[in-house]
Amino acid sequence: MSARSDETVGVGELELLQAPDLPMTSDAILKDFTHYFGRMLGRRTVRTKSPFLYQAVVYAARDRIMERWGSTHKAIEREDNRRVSYLSLEFLMGRLLRNALLNLGIEHETSEALQRIGLDLEDVYDREHDAGLGNGGLGRLAACFLDSCATLALPVIGYGIRYQYGMFRQRIENGYQHEEPDSWLREGFPWEIERIEFKQTIKFGGHTSVFKDAKGIKHHRWTDTQDVLAIPYDVPIPGYKNGIVNTLRLWSAEATDEFDLDEFNAGSYTDAVASKNLAENITMVLYPNTATEGGHELRLRQQYFLASASLQDALRYFTYHHGNDVRLFAEKNCMQLNDTHPAIAVPELMRLLLDEFGLEWDEAWKITSNTMAYTNHTLLPEALEMWPVAMFRRLLPRLLDIIYEINARFITEIGRRWPGDNDRIQRMSLIQEGHEPMIRMSYLAIAGSFSVNGVAALHSELLKEGLFRDFAELWPEKFNNKTNGVTQRRWLAACNPALAKLISDKIGSGWVTDLSELSKLRKFVDDEAFHDEWRAIKLANKVQLAQDIEQKTGLSVPTSMLFDVQVKRIHEYKRQLLNLLHAIHLYDRIRRGDGDDIVPRAIIIGGKAAPGYEMAKGVIKCINNVARIINTDPAMKDRLRLIFYPDYNVSAMELICPAAELSEQISTAGKEASGTGNMKFMMNGAITIGTLDGANVEIREAVGEENFFLFGLTVDEIRERRGRYDPQAIIEADEDLKRVMHLIESGHFNPFENGVFDAVAQSIREPADLWMTAADFRSFVDAQAQAAQAYRNQDHWTRMSILNTACSGRFSTDRTMRDYNEDIWKLDAIKLNRE
């Protein structure tokens, strides 16, 4: 591997970078828009439903981004900055235009330009498709991280996969989730720039051979491989009004030989494109269903494809600037692994250093273990990926050799520390022995990284006390906490402009880059006029969401109701089922004539279940069946609504978040690593009802226990109940829960679908229920009653709402990124030299 001559900057490029900046005025933007619409896209007639208006606006904005992108790149090269490569299988970017215009500082100018020709910028925003590059909180966090790094001028490049279809589109039919391809690239993606000159070759299959060089030293060669090309597409990430534009580099898989003409001429049309199809499958969809052997193998291919392409690219960049002596690579690079998916980067960097650069093992391991940093995002053991050794041997034989060598040396280190402790060696080994030996990828990430962090204070402690206790005892200095956050530029300034304006009018706009400034809102918590403005904005946001719900579901939602919201990935530990039990409880009370004191409430649940996760899909079916009964019962009119929001995504959250009043963060204590939806809702003035789980703990500390509705068992209480949990006894002792269970099990919500609720009902009654749904029911109902009582006093509720926003300052990803940089990355800020 050597430096690439095609990176040399030509004279023409230098002249372009030295040209005057494009004006940021409405006149200049309108001129560029009309140029792109008429001359590049070849359109004459304006149709708001077409994608071309949107594309022309993007091109006009992108021209201005390109100038800053080039200046940022030059500044990094000039300063020879240490860089972070952020490896993530997901980047849930959502729509990009609004955020880009906000960060460039030209949203008003663009809106004014379009108004002059009779167009509305909001209509243009609505034409953009959500980028299908992620699934849930993990990907959205990665997107927030990139925004903050650019705003803080940190030299960070994101590496991900350019999925052709990404996460599926969710269609609800007869209450069931159906998955449809999300063809988000169908109309093009005008933000991206193909960088074919930086393509990389990724190897699969083949075998390893050993040879000796002229000095008699053994080396390994990976031969007879089936190769795939990784083609990079760059997406700009502009910082907030600072001239910095970082890069998200997305890899797309292509065949080395796309078309076999001999096969085609022989009539074998399918075989003629077989290699093309096999290669492109790698980047076809996000998270293929691993219920099949083929899906399982494809997911491993994806992870290796991302890691190998990104590492080769980082080494290409390094060798271009520093030559082929890679001993300084760790000084100039940090690879941040976003969860366990990219853990395969550890043996892949070793392979590249050993086989491509000829380093000895100890030197290669020193570089690798001083380059990698691992972020863990889960406390669920089943999510800490393991791969069959047999699959590795078939797909990645050279990496398997390296993993076995890493493990042998690691076991030796354990033996020196704890002589004779074979149980510990068995627990910590990177290879889980058994009928089918498995590679423990999270253990591999820990062994090969210099930093291991959790994403909330509680989560980080539980990692050290539980899942990774042995490793924390061996390497306590590696472990640290970095509490997650969200970017206030998207999750307040962009998605809730009316509230953002009110806040800025009162305390100034400094909060956009320093969220701690929101604490100045405390002085208005008892200001009646401010209360009125705050409530008016919330009501307007509720009206907008209600209109959207009616459009998508046909259901009318009175905006006088309490908007009670739980939107997130559907999973048992997130306990949408517990929320459903409460909805049934309210329904039962109203039906029995015991609901006169019930505060009118709209319970809004949204999220997608993984295609192979049958229990989660069963919960969606239950929610929709119960919703149909509640929403068609005349007795529930203006008193109770249950809505399942279909095809939930980032753009939906940007509409839901400003309208939410009660934020459901009700996971089983000790199961949610952090959560970020809780932070978005808090920032927009929703009050949390939740357990002491993930970042809920820190949210409650920040806002005060009197402004948080707490319920549920603690981590310690759950641990004490394990092995003696008796949900049957709990149900029998609670008349409300007994009635709820009877309604579920009697067929009341499924009169013509016998048995459809059986699995869900049984999961509640199961003594082995990990999520302890029945155990938390009574506490949850009581906390909900407290929330309803607080909502009756609108002055009190508004005060709580203002305080939640005022106390959300610590939950910005700007703070999170500063923490990463101070403790892990050690980066210098990019210093621009633009005239």
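The axes of H25 and H32 cross at roughly 110 degrees and come within 9 Å of each other. Axes here are lines fitted to C-alpha atoms, for helices over the stretch in contact, and the angles run from 0 to 180 degrees between N-to-C directions. H25 is therefore roughly perpendicular to H32; that word covers 65 to 115 degrees, while under 35 is roughly parallel, over 145 roughly antiparallel, and the rest oblique.

Before going on, two remarks on the source. This is a predicted model, in which local features need pLDDT of at least 70, side-chain atom pairs count only at pLDDT 80 or more, and totals for chains, interfaces and linings use all residues. Residues are numbered from 1 along each chain as its sequence is written, and side-chain values use heavy atoms, with hydrogens and water left out. The helices (H or I, at least four residues) and strands (E, at least two) are DSSP runs, numbered from the N terminus.

Back to the pair. On the H25 side the contact has Met 615, Gly 618, Val 619 and Cys 622, and on the H32 side Ala 759, Val 760 and Ser 763. Contact means heavy atoms within 4.5 Å. Five of these residues are nonpolar, two are polar and none is charged. For the classes, Ala, Val, Leu, Ile, Met, Phe, Trp, Tyr, Cys and Pro count as nonpolar, Asp, Glu, Lys and Arg as charged, and the others, Gly among them, as polar.

Which helices supply at least two residues each to the lining of the second largest cavity? They are H24 (576–591), H25 (614–631) and H32 (758–765). A cavity is a set of points, on a 1 Å grid over the protein atoms alone, where a 1.4 Å probe fits but cannot get out, and lining residues have an atom within 4 Å of a point. This one holds about 120 Å³ of space, where a volume is the space filled by probe spheres set on the points, and grid points are joined across faces, edges and corners. There are 14 lining residues, and the closest to the centre are Glu 572, Leu 577, Val 619, Ser 763 and Trp 771. H25 has the largest share of the lining, three residues. By class the lining is seven nonpolar, four polar and three charged.

H24 also packs on H31 (residues 735–745), with axes that come within 9 Å and cross at roughly 95 degrees. That makes H24 roughly perpendicular to H31. Among the contact residues are Leu 581, Ile 584 and Tyr 587 of H24 and Leu 737, Val 740 and Leu 743 of H31. The whole contact divides into seven nonpolar, one polar and four charged residues.

Now the largest cavity, with about 180 Å³ of space. It is lined by 16 residues, and Met 93, Leu 96, Asn 99, Ile 237 and Arg 490 are the closest to its centre. Helix H4 (97–104), helix H7 (137–151) and strand S9 (226–238) each give two or more residues to this lining, and S9 gives the most, with four. Ten lining residues are nonpolar, three polar and three charged. In total there are eight cavities of 30 Å³ or more.

Last, H2 (residues 26–40) and H5 (residues 107–115) pack at about 60 degrees, with axes 8 Å apart. These two are therefore oblique to each other.

Definitions and conventions. 1 Å grid on protein atoms, 1.4 Å probe; cavity = no way out; pocket = protein on both sides within 12 Å on 5 of 7 lines; lining within 4 Å.
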